[in-house]
Each structure stands twice: as C-alpha cells, then as structure tokens.
Amino acid sequence: MNERTLSIIKPDGVQRGLVGEILRRLEQAGFKLMGMKMVWMSKNLAEAFYQVHQGKPFFDGLTDFMSSGPCVAVVLEGDDVIAEYRKIMGATDPAQAEKGTIRQTFATDGRKNVVHGSDSKESARWEIDFFFNRLELPEQ
Amino acid sequence: MAIVQTLVLIKPDGLRKSLTGNILTRLSEAELEIVGAKVVQVSQALAEEHYEALRDKPFFGELIDYIRGELHECKKVLALVYHGEDAIGKVRQICGATNPEAADPRSIRGAYGRITTSGVFENVVHSSANPEESEREIKLWFSPEEIVSPIFPVKDAQISSTRLAWA
C-alpha cells in the first residue's frame, strides 16, 4: 500500500557528507522523494519533535545532538515505505543493526546513528506535519 | 580562492530517474557544505525569472516547460545551496558542459544527460555561472530562514497585513 514516512538525515550524517549516499540508497529501494528541507533545529524545536521521549534518560542528550547542526528532513513515498525504510535504516544501536543497513554501515553509536525514521502511520503523519506544510509537498 | 556559494538545481528528469542520490554523491567529492535544500514545485513566474537572461532565445519556452516538469510528468525540482572555497568552479567542473554530448562523460551531465529528438538539452542539473548569478539565483529560490548559515546579510522586514475586525 502506498504510504509516506519521514526520514531525517541527522547532524552527523550531514556533517560527514553522507546525504548523497543515503538518498541513493533510498532511491534504489524505489522510494520517491516527495519533499525535502534542510533545517537547523533549535534545542526547543528538537524537544518539541521528540516530545514523546520527554522524561527518558536519553532525552537531553538526544535533543542536544539533534540541535548541534543542520539536518535534512525527507518525505518518502512508496509501497509499505514505513516498514521498508526501517529495514534499510537498521536498528537504533549499530551493533544490533543488520549487515548492509545504513546504521550498520555508518552509525558510530546509538545516538550518532545517522538517520531517523517514523515508526508508525500515526507518527509518520505527525512528523511530516511537524516539518512540512502543504505547499512544501508538491503532489506530482 | 574565495569562499562563495552556488545554486544547484536537480531538474525534473533527475528526480524522475531517481538520480538525486547519485548526483549528490558526486557533488560531495567537492567537499563543500550544503547550507540549504528543498523540493520545489516550480511556478511559471519562478521559472521565467530564473531564466530571465534567456528570454529572447528561441528555446525559452521549452526551457520553461522542462524546469516546470511538463516534459517528465514530475513537477518537482530539488534546489540546493553549496558553500565553500571556489564552490562555483568546483560544482561546474563536476556538472560538466551544458550540452550533455559535449560534456566530459565522467561528469554528471555527461553520465546522465541526453539530447531529446526534438533537440532539448536534458542536462539533469543547473549550476550558477558566476558570483553575481549565484547571489541572484539563491535569493530567488530561498528565503533567509531556509539557509542554515549566514551567507548573505539579512534585515528585519516588516510584514503589514490586514484582517477583519468588528466595525
């Protein structure tokens, strides 16, 4: 089924020049890039984005990291793209990630893990709306 | 060499053919910084202003149709701003000559571009020609808050708006 998900290339991915390599993998999987934008989140904005994790021990470190430099937010569309993209991305902790996944190949640790991906239909919708308005997501 | 910035557009054929990753990977060899990126649906007005200098050319109409995605059923362009030492020259080198058949085969246009049977150069990417053009183009395609590092001076602009109020 055709659906959408949000991918974020995190500050470590952008800083290390991995944007092209990551987009290449996403396109090779057959996903369409429906929208993209570069954003440098403030600490406040990062806290708002990760509000579901508020109160967890990693919350402060995660939001510090996510606001440490520019990210690239990408809206992907494709068949079963939420689950398919999570497969390509790999597990949060690179040591647990499957061989050949983005995180297994490029992530340095569970925080500097290069990419983010929505985990459900509901969070995909919420996360896409967080970064993009209608005009920034051309239909065709 | 001076620190400058340049505008890169990945045109609708590049998006349609899923080449953005390949193109950005090639451009990353220049070791420049990306300071702005967005997917844009190109309006007639934006297209005409972008190609303003070519308005009198016989191929102007086709150029506009091409950048608006009328030729590829993909009405999207990926706009990027690269920043760094000699960014304009480095990006132009990696993009190759405007005519895809004259371009170095190892360049982006040489590898992915083509000339259609009706003679349109489908050359996959645009890159700014010189510092004056790059400034004009970047300011045309991006607003200051869409660029993540300060490349041009900005000022506070007053936005005046009116709304309905009870008389």
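Me: What makes residues of chain B count as being in contact with chain A?

Reply: In this predicted model, the test is C-beta atoms within 7 Å. By that test, 20 residues of chain B are in contact with 19 residues of chain A.

Me: Which elements of chain B supply at least two residues each to the side that touches chain A?

Reply: Helix H2 (20–28) and strand S2 (33–40) of chain B do. H2(B) gives the most, with seven residues.

Me: How do the residues on that side of chain B divide into nonpolar, polar and charged?

Reply: Nine are nonpolar, eight are polar and three are charged. Gly is counted as polar.

Me: What makes B:Val8 a member of the largest nonpolar core?

Reply: A core member must be a buried residue of a listed nonpolar kind, joined to others through C-beta atoms within 7 Å. Buried means that 20 or more other C-beta atoms lie within 10 Å of its own. B:Val8 is among the 74 residues in that core, and is one of those that touch the most other members, including A:Ile9 and B:Ile10.

Me: Which residues is B:Val8 in contact with, leaving aside its neighbours within four places in sequence?

Reply: They are B:Leu27, B:Leu80, B:Tyr82, B:Val91, B:Val125, B:His126 and B:Ser127.

Me: How many of the 167 residues in chain B are buried, as a percentage?

Reply: Buried residues make up 39% of chain B.

Me: How do you know what confidence the predictor has in chain B?

Reply: pLDDT runs from 0 to 100. The mean for chain B is 94, and 100% of its residues reach 70 or more.

Terms used
Residues are numbered from 1 along each chain as its sequence is written. Chains are lettered from A and ligands numbered from 1 in the order in which they are written. This is a predicted model: local features need pLDDT of at least 70, side-chain atom pairs count only at pLDDT 80 or more; totals for chains, interfaces and linings use all residues. Two residues are in contact if their C-beta atoms, placed from the backbone, lie within 7 Å. Helices (H or I, at least four residues) and strands (E, at least two) are DSSP runs, numbered from the N terminus. A residue is buried if 20 or more other C-beta atoms lie within 10 Å of its own, exposed if 12 or fewer, and partly exposed in between; C-beta atoms are placed from the backbone.
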